[in-house]
Structures are given as C-alpha cells and as structure tokens.
Amino acid sequence: MMKIYFELNGEPRYVEIKPGEMLLDLLRRLGMRSVKEGCRTGECGACTVLLDGKPIRSCLTFAAKVKGHRITTLEGLGTPEDLHPLQEAFLETGAIQCGFCTPGMILVAHHLLSHNPDPSPEEVRGAITGNLCRCTGYVKIVDAVMLAAERKRKGEWR
Amino acid sequence: MSVRRYHYARDVEEALSLLEAYEGRGAILAGGMDLSRGMAPEIEGLIDITTAGLSGISWANGDLRIGATTTLEEVRLSDEVRGYLGGFLAEVMAHVATLPLRCMATLGGAVVSAHPWADVPTALVALGAEARWRTGEKTEKAPIEELYRRPFRAIFRRSVLTEIRLPRWEGAFAFEKVSRNAGDIALINCACGLGLDDTGKIAWARVVVGATPYRAERLAAVEALLAGETPAEGLWEEAARKAEAEARVGDDMRAPAEWRRAVVPVIVRRALERAANAVMGDER
C-alpha cells in the first residue's frame with residue numbers, strides 16, 4: 001500500500017492506495033458513483049474525469065498518477081439540489097435516458113465549453129466522439145450542449 | 001496484477017537504475033495506455049517517468065525536439081508543432097484516438113508501443129524523425145524508420161526513450177487515414193511529403209503507408225519514381241499505381257488484403273495531391 005495526496009472536487013484528500021490500483025476504482029471507493037465502469041479499455045468514456053481540467057479515462061489511469069493533481073468528477077460540478085447548468089440543459093432537452101454515459105458526456109462538454117463557448121454542432125460532435133451513448137442517438141446530447149453554450153454566452157453561468 | 005511498488009522517477013538516471021534493479025520485473029510507465037490494459041504478470045514495479053522532466057517541445061540546432069513524455073494533445077496544441085510544416089503533425093494528432101486518450105498518451109509511448117495500426121509511427125517515419133534513448137550511461141540515437149527494423153522492444157525493456165527529433169524540411173507533407181469512424185484506429189494510413197527544386201521539379205519525395213496491417217513502411221520505388229519529375233495530375237496517378245503494386249498489404253480482423261490493396265492508390269494519390277498543392281502554394 002502507498003499513500004497519496006490529491007485534490008478531489010476541490011477538497012484535499014490523503015488516501016491509501018494499492019500501487020497497481022486504477023483511478024476508477026479509487027474514485028468509486030471514495031463514493032464518486034458518477035464515475036462509471038463501462039468497458040475498462042478506454043473506449044466508452046463512461047469513466048471520464050478531469051485531471052487538472054483535462055478529460056482523461058480513469059479506467060486506464062493508475063491512481064498513483066494523480067498524486068499532487070486536481071481531479072474533478074460530476075459530483076464536483078453539480079449536486080441534486082444545485083444542478084450545474086449543463087445538467088439542467090441535459091434534463092431540459094431530454095438528453096438523458098439510462099444516464100450511464102451522462103457524467104462522462106457532461107465532463108467532456110464542460111471541457112469543450114471552457115475552451116470554446118461558441119461551438120458548432122460539428123465541434124460538439126467532435127468533442128463527444130469518445131463517449132458512447134447507446135440510448136439517445138446523440139442528437140439531444142448535442143442539443144443539450146448547444147443550449148448550455150448559449151446560456152454561457154448570455155452570461156447565465158461561467 | 002502483481003504490482004507491488006510504484007515509483008515516481010525524478011530523472012532518467014533514477015528510472016534506469018530502478019529498471020536495472022528490478023531485473024526484468026520493472027516496467028517504464030508514461031501515459032500508461034498499454035500497461036493499464038495488460039501487463040506482463042512478472043511486473044512488480046512501475047517506474048513513472050512523467051515526473052522525470054522529459055516533457056516539452058522546443059527548437060534547437062535546426063531540429064524540433066519533443067520530449068518523450070509530452071502528451072499527444074500537448075503536441076497537437078503546441079505553437080511550435082503548429083508552425084512546423086504548416087501544422088502537418090498537429091493535424092496527424094487530431095486523427096489519433098479521442099481527446100481524453102490524447103491527454104494521456106505520450107509521443108514516446110506511441111513510438112515505443114509502435115502498434116502497427118497506429119498513426120504516429122507513419123507520420124514520424126515519413127518525417128525522418130530520430131529517436132534518442134538512454135541505456136545505462138549511454139545516449140543512443142537512430143532514425144525511427146531504422147529503429148523499427150531492429151529488435152526495438154528488447155531495447156526499450158532496458159532503456160528509456162528520452163526525445164524525438166524532427167528535422168526541418170523545405171516542402172510539405174499530408175496525412176490520410178481511413179477508419180470506421182472518427183477516433184477509431186486506422187484500417188490503413190499514409191503520409192506523403194514533397195519538396196521542389198529551383199526549376200519546379202520534385203527534389204525529394206517521402207511516401208509511407210501504415211496499418212497495412214504492418215507498421216509504417218516507406219515505398220522507395222514510388223519515391224524514386226517521383227524524384228526529378230515535374231508535378232502533374234498524371235504523375236500522382238502513376239505514383240498511386242506504383243504504390244498499389246509496391247505496398248506490402250495483408251489481412252487482419254479489420255480489413256482484408258484485397259481491400260487494402262485497392263485503397264493504397266487512393267490514399268497515396270490524395271496525400272500526394274494535398275502535399276503538392278501545399279508546396280506549390282508555398283512557391284507562389
């Protein structure tokens with residue numbers, strides 16, 4: 001076992017991990033249930049989290065790698081009582097069916113909008129290329145990100 | 001997984017001394033794309049070199065130097081890379097996998113893993129890139145094209161790749177890839193480069209196909225056919241037919257050899273036309 005320090009959703013964490021443990025397993029162990037186990041091969045995007053603001057696959061990331069870094073999961077963006085504007089947009093446009101892909105989708109969308117608040121639908125499709133949804137057919141997910149982007153440009157959120 | 005220790009290497013020397021101490025039971029870890037998906041059962045120690053100061057991109061002595069642990073997304077976004085050959089390498093990176101994987105995978109990892117279906121080796125072989133690595137106290141170097149003809153997997157079990165150097169070229173390159181969807185691995189890929197002399201004739205040509213399903217290979221006969229010729233529509237077609245005849249293609253689970261044979265001339269012609277348009281645009 002080894003101990004690492006990192007920041008999880010703005011909170012300092014000092015945790016004991018196994019040297020070969022994956023970040024996905026650590027985050028689930030810490031109660032971050034938004035981080036889903038899908039394929040465990042980096043293909044599906046359900047386990048996506050932000051490492052220092054950049055999207056990564058937690059299933060392919062050794063937990064030890066986050067020592068000294070910032071990790072953001074969906075829990076760090078919004079809560080059931082205080083939804084993030086991207087979560088609101090996903091709800092309003094019907095972009096959620098089973099919900100399994102939603103955390104990963106929202107995190108990559110968050111990264112996109114933080115760099116490009118005025119994306120084209122094509123750019124949104126490009127951003128979510130690595131996130132698979134087996135329910136919605138993606139149309140409403142793209143609508144949701146476009147709606148959240150429009151609200152961001154209006155200054156309704158930052 | 002039998003990993004017992006995880007080490008944050010502070011520099012290359014520490015990584016090498018740990019690697020030696022593990023006597024075959026240690027593994028160098030950068031982006032972790034391959035190690036996380038399947039590790040030899042004997043591996044007990046992971047030696048993370050992303051903490052060893054091997055990331056960064058800069059020009060020095062006429063070469064564009066990219067540190068081995070620089071991520072593919074860092075390469076794609078780099079001003080230096082975007083300014084190199086009209087952003088050719090940045091464009092190649094945009095074709096590689098998806099953003100979250102590019103934020104993890106490193107250029108050095110792509111060179112060392114050298115998956116036959118990968119896009120990075122195809123581009124780097126076309127560019128005449130040179131790999132530099134450390135074995136014990138020795139710094140060694142070789143063009144990546146040549147490295148792949150050696151038992152490079154054995155080399156990197158006892159060495160640390162430190163840097164990739166890209167030479168300056170007077171000319172232009174273009175990359176083509178066919179895959180099932182955006183972000184997927186290549187069914188076949190191709191990188192071509194052209195340079196013109198003062199009279200407008202082709203001074204040099206580089207023609208590389210990869211994912212055939214074999215690792216990137218230069219088509220020397222096609223390059224020889226192009227050298228000394230004047231760019232013209234019929235020339236690209238002739239080069240494409242030569243490529244069709246010369247390329248080594250095979251079957252795998254993704255595509256049959258016949259399909260690859262039929263696609264080689266299409267992507268070679270497209271890449272040559274794009275490179276020619278870019279280089280002649282430069283001339284005007």
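## The contact between the chains

The contact draws 21 residues from chain A and 19 residues from chain B. The model behind these counts is predicted. On the side of chain B that touches chain A, three elements each supply at least two residues: β1 (5-8), β3 (45-48) and α5 (99-102). The largest share, three residues, comes from α5(B).

## The parallel sheet of chain B

Two of the contact elements, β1 and β3 of chain B, also belong to a sheet. This sheet is open and has three strands, in the order β1-β3-β2. The pairing is parallel. Strands β1 and β2 of chain B are the edges, and each pairs on one side only. Neighbouring strands are turned by 20 degrees against each other on average, with direction ignored. In general, the strands of a sheet pair through backbone hydrogen bonds, in a parallel or an antiparallel way.

How many bridges join β1(B) to β3(B)? Four bridges do, and the two strands run parallel. Here B:His7 has B:Ile47 as its bridge partner in β3(B). On the other pairing, strand β2 (residues 26-29) of chain B is joined to β3(B) by four bridges, again running parallel. B:Gly26 is partnered with B:Gly45 of β3(B). B:Ile28 stands opposite B:Ile47 in β3(B). B:Ile47 therefore faces a residue from each of two strands: B:His7 of β1(B) and B:Ile28 of β2(B).

## Domains of chain B

Chain B is divided into three domains. Domain 1 covers residues 5-48, domain 2 covers 57-167 and domain 3 covers 172-283. Between domain 1 and domain 3 of chain B, the C-alpha centres lie 38 Å apart.

The ranges place the sheet strands β1 (5-8) and β3 (45-48) of chain B in domain 1. Strand β2 (residues 26-29) of chain B also falls in that range. The contact element α5 (99-102) of chain B falls in domain 2.

B:Ala275 sits in helix α12 (residues 257-283) of chain B. Is B:Ala275 buried or exposed? It is buried, because 29 other C-beta atoms lie within 10 Å, and 20 or more are enough to count as buried.

Which residues does B:Ala275 touch, leaving aside those up to four places away in sequence? They are B:Ala172, B:Phe173, B:Ala174, B:Cys192, B:Gly193 and B:Leu194. B:Leu194 is 81 residues away along the chain, yet its C-alpha atom is separated from that of B:Ala275 by 6.3 Å.

## Chain A as a whole

Chain A holds five helices and five strands. From the N terminus on, its elements run β-β-α-β-β-β-α-α-α-α. Along its principal axes, the C-alpha trace spans about 45 × 30 × 25 Å.

Chain A has a radius of gyration of 15 Å, which agrees with a compact globule, because a globule of 158 residues would have a value near 15 Å. Buried residues make up 47% of the 158 residues in chain A. Contacts across the sequence fit into this picture. Among contacts in chain A between residues at least 6 apart in sequence, 60% join residues at least 24 apart.

Terms used
Residues numbered from 1 in each chain as written. Chains lettered and ligands numbered in written order. Predicted model: local features only at pLDDT ≥ 70, side-chain atom pairs only at ≥ 80, totals over all residues. Contact = placed C-beta atoms within 7 Å. Domains from an automatic or database assignment. Buried ≥ 20, exposed ≤ 12 C-beta atoms within 10 Å, placed from the backbone. Rg over C-alpha atoms; globule rule 2.2 N^0.38 Å. Axes fitted to C-alpha atoms, helices over the stretch in contact; angles between N-to-C directions.
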